[in-house]
Amino acid sequence: MKTCTKCGAKPVIIHRKASGQMLCKECFIESTTDKVLKSIRKNKLIEKGDKVAVALSGGKDSVMLLDILNSLYKRNIIDIVAITIDEGIEGYRKHGVEIAARNAKKLGVDHKIVPIKDYFGKNLDEIMLDDAREHGACTYCGVFRRWIINKIAREEGATKIATGHNLDDETQAILMNYLEGNIDNLTRIGMKSEPKSDKFTVKIKPLREIPEKEIGLYVVARELDVHFDECPYSKESFRGEVGRFIKELSVDHPTIMYSTLRGFDKIKPVLKKEFSGKKVDMGQCIRCGEPSSHELCRACLFYKKINNEE
Ligand SMILES: [Zn+2]
Ligand SMILES: [Zn+2]
């Protein structure tokens, strides 16, 4: 029987093919937590005194993120507010919102639950009822969620917004944008955002170097309360197709996600220098007052369309 390469104990719960490490449950939890905390320090994602708004969906990524950031909260290094957006997706969202609430309560962190409908008049299912919608569900959802998170985080006095994006998400985003030739989007992918307006809070992705599989294993090993349901709208996306492709390649090439990420991070400064071209003036949206480079921000444009306010 295999033994842990760190402590010699049995049983081994993971064989990290990319590094050759074999780890027992305790060493896996410890090494994963250390990796995230080290990356937070090294990249100065969070500093003492920060108030971190955690985008908490109740899924494995955000619950793991909250669990690790909680170690900084307990030591009084940071303050946390958890924000859960209720998109209003039948048979999917309610479960996630309940789990998010249980996790926040267990840790004693402040928790805001915000329905999309409160701000945009309709929930996602109602928006998608109309076949004539010009965008897919993920586009409306993404735009509305970003708008809400940014607004609530600012109102709560948060200095950082942390999201649970993992290694798979990041490599998908990199590859997708390469394939679509979307250089402008590429220059914006990273561990930490550089906001164009001081009304935007800095966004950070502390789990960016952790593969999705290890996040699943972490929440099971820590016995965390999460939901594994997949969003019913997620199958529609190009992102999903690219994700399946990278996963397939990873079976025979276990380091491919890491090398995609590392390679991208190396060329990103050059890309930015060469292509971050048009400096847009960030004004204010005339309807909601949020930062926008046009008269109406994208969220308000969508709001008007879905509520037939032309
Ligand atoms: Zn061990
Ligand atoms: Zn607006």
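Guide: C285 and C300 are both buried, where buried means under 20% relative accessible area, exposed over 50%, and partly exposed in between (1.4 Å probe, protein chains only). This is a predicted model: local features need pLDDT of at least 70, side-chain atom pairs count only at pLDDT 80 or more, and totals for chains, interfaces and linings use all residues. Residues are numbered from 1 along each chain as its sequence is written, chains are lettered from A and ligands numbered from 1 in the order in which they are written, and side-chain values use heavy atoms, with hydrogens and water left out.

Visitor: Which atoms coordinate the zinc ion (ligand 2)?

Guide: The SG atoms of C285, C288, C297 and C300, at 2.2 to 2.3 Å. Donors are N, O and S atoms within 2.8 Å of the metal (3.2 Å for Na, K and Ca); water is not among the atoms, so sites may look incomplete. The donor residues follow the spacing C-x2-C-x8-C-x2-C. C285 lies in the loop between β8 (283–284) and β9 (291–292), and C300 in helix α12 (residues 298–306), 15 residues apart. Helices (H or I, at least four residues) and strands (E, at least two) are DSSP runs, numbered from the N terminus.

Visitor: What makes the arrangement around the zinc ion (ligand 2) tetrahedral?

Guide: The 4 donor atoms subtend angles of 106 to 116°. Four donors count as tetrahedral if all angles lie between 85 and 135 degrees. The ideal angle for four tetrahedral donors is 109.5 degrees.

Visitor: Why is the contact between E290 and R154 called a salt bridge?

Guide: The rule asks for a side-chain nitrogen of Lys or Arg within 4 Å of a carboxyl oxygen of Asp or Glu. The closest N and O atoms of E290 and R154 are 2.7 Å apart, so the pair qualifies. E290 sits in the loop between β8 and β9, R154 in helix α6 (residues 137–155), 136 residues apart.

Visitor: Why is E290 called buried, and R154 partly exposed?

Guide: E290 has a relative accessible area of 4%, so it is buried. R154 has 27%, so R154 is partly exposed.

Visitor: How do you know that D265 and R208 meet in a salt bridge?

Guide: Their N to O distance is 2.9 Å, so the pair meets the rule. D265 is in helix α11 (residues 256–275), R208 in the loop between β7 (202–204) and α9. D265 is partly exposed at 32%; R208 is buried at 2%.

Visitor: How many salt bridges does the rule give?

Guide: The count comes to 21.

Definitions and conventions: Tetrahedral: all angles 85-135°; square planar, octahedral: opposite > 155°, others 65-115°.
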